[in-house]
Amino acid sequence: SRAALFDAENKVKITFKDVAGLEEAKEEIQEIVEFLKNPTKFTILGGKIPKGALLVGPPGTGKTLLAKAVAGEADVPFFSLSGSDFVEMFVGVGAARVRDLFKQAKAKAPCIIFIDEIDAIGRSRSRGQMPGGNDERENTLNSLLVEMDGFATDSGVIILAATNRPDILDSALLRPGRFDRQISIDKPDINGRTHIFGVHLGPLTLSGDVDAKKLAAQTPGFAGAEIANVCNEAALIAARRNKKAVEMQDFNDAIDRVIGGLEKKNKIIS
Ligand code: ATP
């Protein structure tokens, strides 16, 4: 909640089975689950457990979902904050928030800290400076670096961060001992989309003509978030039409609607 300055979930129910596709990413991140479950097993020969990993990929591809699933799989608390929340922060608040987050996380270790849109905090310090406007962001970034350096690798806190702009990140964030691992999360191919439809069709009452493979073929370029959106829209459209089950026609109309929404968004951006 806002009052706590960040979100904390003690018991995460999401696991890898909720994350469709992304097989390589899941395999890579499985290692972090192992670290969280049994840290001493890995440090016994003198090795150091990584402090953080960066999840890199376009919006809506499941970065947040995957980070949560790591916490769910390891059965550890999940602390999260979003970089974009820092953009209009009053002086001193961002750094204090980061310190407070790490303090609480350390007390609850083993756990995951997830920083969404880390580029909003961690943009290269030499880039895109607005006159006079960037001191607070820099303070926040510095406090994040200080906190990351300040805890032992066997403390049981692992920081996952997400971005779709790894190219603009301050190189200090990517040094060994900070976010020294990158896991790429790509937009799903047709197989990935079929699996994602599979997950999101699950809770719906469907008519016999609904086919995840066909839907995947009709949605090139869609990320998981858009697929989830299509499934929900289709259920609402079918309900409005007083149907007993969601039919392929409802999905087709939902797809058109989601494509329309995406086009509008792109127009606003360009
Ligand atoms: P952003 O960068 O915009 O924060 P993100 O990559 O963190 O996006 P999520 O927030 O994890 O994306 O995804 C949004 C929603 O889309 C999820 O809650 C889920 O419903 C759905 N989704 C995305 N990817 C997948 C996936 N691989 N499998 C199942 N559902 C997915």
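This is a predicted model: local features need pLDDT of at least 70, side-chain atom pairs count only at pLDDT 80 or more; totals for chains, interfaces and linings use all residues.
Author: A place to begin is the pair β2 and β5: strand β2, residues 52-56, is joined to strand β5, residues 157-163, by 5 bridges, and the two run parallel.

Reader: How do strands of a sheet pair?

Author: They pair through backbone hydrogen bonds, and the pairing is either parallel or antiparallel. In this structure, Ala53 has Leu160 of β5 as its bridge partner.

Reader: In what order do the 6 strands of the open sheet stand?

Author: The order is β1-β3-β4-β5-β2-β6, with mixed pairing. At the edges are β1 (7-9) and β6 (179-184), each of which pairs on one side only. On average, neighbouring strands of this sheet are turned by 20° against each other, direction ignored.

Reader: Which strands does helix α1 lie across?

Author: Helix α1, residues 23-37, lies across β2, β4 (111-116), β5 and β6, and it runs at about 140° to β6. Helix α4, residues 93-107, lies across β3 (78-82), β4 and β5. The angle of α4 to β3 is about 170°.

Reader: Now single residues. Is Glu233 buried or exposed?

Author: The term buried applies under 20% relative accessible area, and exposed applies over 50%. Glu233 has 18% relative accessibility, so it counts as buried. Glu233 lies in helix α9, residues 224-240. Leaving aside neighbours within four places in sequence, Glu233 is in contact with Ala254, Arg257 and Val258.

Reader: What is the relative accessible area of Pro166?

Author: The value for Pro166 is 26%, so this residue is partly exposed. Pro166 is found in the loop between β5 and β6.

Reader: How many residues apart along the chain are Pro166 and Pro220?

Author: They are 54 residues apart along the chain, and their C-alpha atoms are separated by 24 Å.

Reader: What is the volume of the largest pocket?

Author: The volume of the largest pocket is about 380 Å³. The pocket is lined by 23 residues, and the closest to its centre are Gly60, Thr61, Gly62, Lys63 and Thr64.

Reader: Which elements give two or more residues to the lining of the largest pocket?

Author: These are α3 (63-74), β5, α7 (190-201) and α9.

Reader: How do the residues of the lining divide into nonpolar, polar and charged?

Author: The lining of the largest pocket has 10 nonpolar, 8 polar and 5 charged residues.

Key
Residues are numbered from 1 along each chain as its sequence is written. Side-chain values use heavy atoms; hydrogens and water are left out. Two strands pair if DSSP finds at least two bridges between them. Helices (H or I, at least four residues) and strands (E, at least two) are DSSP runs, numbered from the N terminus. Axes are lines fitted to C-alpha atoms, for helices over the stretch in contact, and angles run from 0 to 180 degrees between N-to-C directions. Contact means heavy atoms within 4.5 Å. Buried means under 20% relative accessible area, exposed over 50%, partly exposed in between (1.4 Å probe, protein chains only). On a 1 Å grid over the protein atoms alone, a cavity is a set of points where a 1.4 Å probe fits but cannot get out, and a pocket is an open set with protein on both sides within 12 Å along at least five of seven lines; lining residues have an atom within 4 Å of a point. Grid points are joined across faces, edges and corners, and a volume is the space filled by probe spheres set on the points. Ala, Val, Leu, Ile, Met, Phe, Trp, Tyr, Cys and Pro count as nonpolar, Asp, Glu, Lys and Arg as charged, and the others, Gly among them, as polar.
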